[in-house]
Structures are given as structure tokens and as C-alpha cells.
Amino acid sequence: MRINRDSLIRIARETVQQRTFSDPALVAAYLTGSLRTDNPFLGGATDIDIVFVHAGQPAVRREVIAVSPEVHLDIVHNPRSEYEHPKQLRLHPWLGPQLYDPLPLHVSQHFFEFVQAGVRDKFYEPANVIARAQTNLLHARQLWGGLETFSEPGPALLLSYLKSVSHAANAVAVLNGLPLSERRFLLQFPSLAQAAGKPGLSDPLLAMLGAREVDLEALQACLPAWEQDFTRAAIIPGGDPRLAMPRLNYYLLAFRSLLASESPHALLWPLLLTWTHAALVLPPEGRATWNSVCKGLGLLGPGFAEKHAALDGFLDEVEELLENTPQ
């Protein structure tokens, strides 16, 4: 199979055509994600992100379907009701940017005319840009505050910490771009922090993920254990779609590419996020390597207090940045 951006967009169109034929009640479908960029591949792997909009409540909210060992369909199903207030959506830090410039694949009921008219109106006005960033910052601060309520260290605690870090970094990113993508999270952040006038935030972000405590050989050595845990989590019935088996190479090939790049520590974000999601559904006795790695990074055990405090300082800097950004 010849894989390039054009052939993958063709697959997206064919998928939508098949679905609309079998379900004429579909209101709309659109392409988003990495295929809306010039270079969707990382390590030779990518996904095809499609959103289906249903007139009613969809039976499932997310599907992952293999296309080839390097490519999979990642299909999100949303109800039409989530799009009823477009002017509010333009303030949404995730849906707003997604709806500003997707590739429409199926349209009925004047869906895009209605939704995009509201989303695009004054989308880039400074007050609306700041509002999207402030929403991220608020979520990050709420999650940070909730970390002290966890009774014991473990994947639930670390996942909440990572979500707070994600919202904090995206509060900076959306000032001058789109939300950070999962695999390129640490590759994209430096230039967006630079554009926001805060290049000094890049090193603290890496430090909050344990970059100072790990070397490249240790990261390389983690991959077999990560792959084993991912595979074990993927076969659990009713599991998280992000851990579906068609996504294994999507991550693994990206990890290898990042390790060989000029920014090998960029591996930390997708590795930690996916591994922690896997650890969350594995029994305690089945996540020993994850636990050991996270302790080594200072993300569990005695080192976590330092990371918690560092995140507090990072949030303070982001708050100051937003307060001083002209509206």
C-alpha cells in the first residue's frame, strides 16, 4: 500500500462515504488532526482523525480501526447537541481550534455554515484568544489543587498530574497556535513558548517530566516494558480506545524516531502518558516496571513533592504571562 497524505485523505473520504450510506442520519463529518498539516508522519506512522456528528446520541464515542501497521483510523462520534452554541465553541480551547479549519467530508443541514459562522467570528480577537488560554490555565490549577487529595501514589495520581501539565502547557500554546499534539507535545512547545515571549518555560516543562533524572540509554531500555504493558492493557475488554492495538506502532515508531532525533527527551511526554493510562487498568502487581521508572523520574515517591512544587511555579508563570498579554 502506497502511503502518503493524499492517499490517507482518500481513505478518509471513502470511510465517510461508506458510513453515510449505511447511516443517512449522520449530520456531518470532518477531518482534523495531523492530516491537516504538511507532515503528518512521525517515524513513518500516523493516524486519520475523523469526527462524525450524529443527529442523536451516538452508540459509541470513539473507534480505532487499523488501516495498515503504520496507519489507523481514529474516529470520534459527537452528538449534534454539542455544536448548538458556536459562539461559545470559539472559546473552547480544543473544539474551537478544531472547528476553525477542518476538512469537511460530509455536510447536511447547513452544519458548517451554522457552526463556523459562530466559531470563526472574532476567533483571533485577543480577548477570545486569552479566554481559551485562561480556560486551560483554570483546569490546570484545579487539577494541581486536587493532587493533594490522593491517598496514595499510583497511576491515578500521576495521570491527574500529567493532565495538569498538559493544560498548563496548552495555555501557552494556544496564544499563538493550535493545541499541542500528543506525540509532538515537547517538540512543538518551545517555538510556541518563544512566540509567547516565554522561551524560558521549555526547560521547566521538561524538568517536570523528569528529564533531569534520566539518560537516553535508560529511555531506550524502557521501550520493551512499555510495549508489553501497552499490549496487556490493549486486550482488556472495554478498555480505553487510546490503548487499542492499532495504535501500538503509532507510538512505538514515533518513540524510536524521537530517540534518534535532536530532541530525544521529547519522547518523555507520549511515553509517560500512554504508559500511565496502561498502568491505570493493569493490576498493581503488573505495573512494577512502570512504577520503578516513574520513581526514577521523580514522578512517584519522595521526588513527587518537588515536581508538585515545580508545577505550582510553572502555573504562576503562565498566570503572569496571561495577565500581561494585551487584550
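View 1. The model is predicted.

**View 2. Helices and strands contribute to the lining of the largest pocket.** Strands β2 and β4 (71–79) each supply at least two residues. So do α3 (95–100), α6 (155–173), α7 (185–195), α10 (248–259) and α11 (268–281). The largest share, five residues, comes from α6.

**View 3. The second largest pocket has a volume of about 170 Å³.** Among its lining residues are Leu186, Leu187, Phe189 and Pro190. Ser202, Asp203, Leu205 and Leu206 also line this pocket, as do Ser263, His265 and Ala266. Helices α7 and α8 (202–208) each give at least two residues to the lining. By type, the lining holds seven nonpolar residues, three polar and one charged.

**View 4. Strand β1 (residues 26–32) is largely enclosed by the rest of the structure, because seven of its seven residues are buried.** Buried here means under 20% relative accessible area.

**View 5. Strand β1 pairs with β2 and with β5.** β1 and β2 (residues 46–54) run antiparallel, joined by six bridges. In this pairing, Tyr30 stands opposite Val51 of β2. β1 also pairs with β5 (residues 103–107) in the antiparallel sense, over four bridges. Here Ala29 faces His106 of β5 as its opposite residue.

Note on methods. Residues are numbered from 1 along each chain as its sequence is written. This is a predicted model: local features need pLDDT of at least 70, side-chain atom pairs count only at pLDDT 80 or more; totals for chains, interfaces and linings use all residues. Side-chain values use heavy atoms; hydrogens and water are left out. Buried means under 20% relative accessible area, exposed over 50%, partly exposed in between (1.4 Å probe, protein chains only). Two strands pair if DSSP finds at least two bridges between them. On a 1 Å grid over the protein atoms alone, a cavity is a set of points where a 1.4 Å probe fits but cannot get out, and a pocket is an open set with protein on both sides within 12 Å along at least five of seven lines; lining residues have an atom within 4 Å of a point. Grid points are joined across faces, edges and corners, and a volume is the space filled by probe spheres set on the points. Ala, Val, Leu, Ile, Met, Phe, Trp, Tyr, Cys and Pro count as nonpolar, Asp, Glu, Lys and Arg as charged, and the others, Gly among them, as polar.
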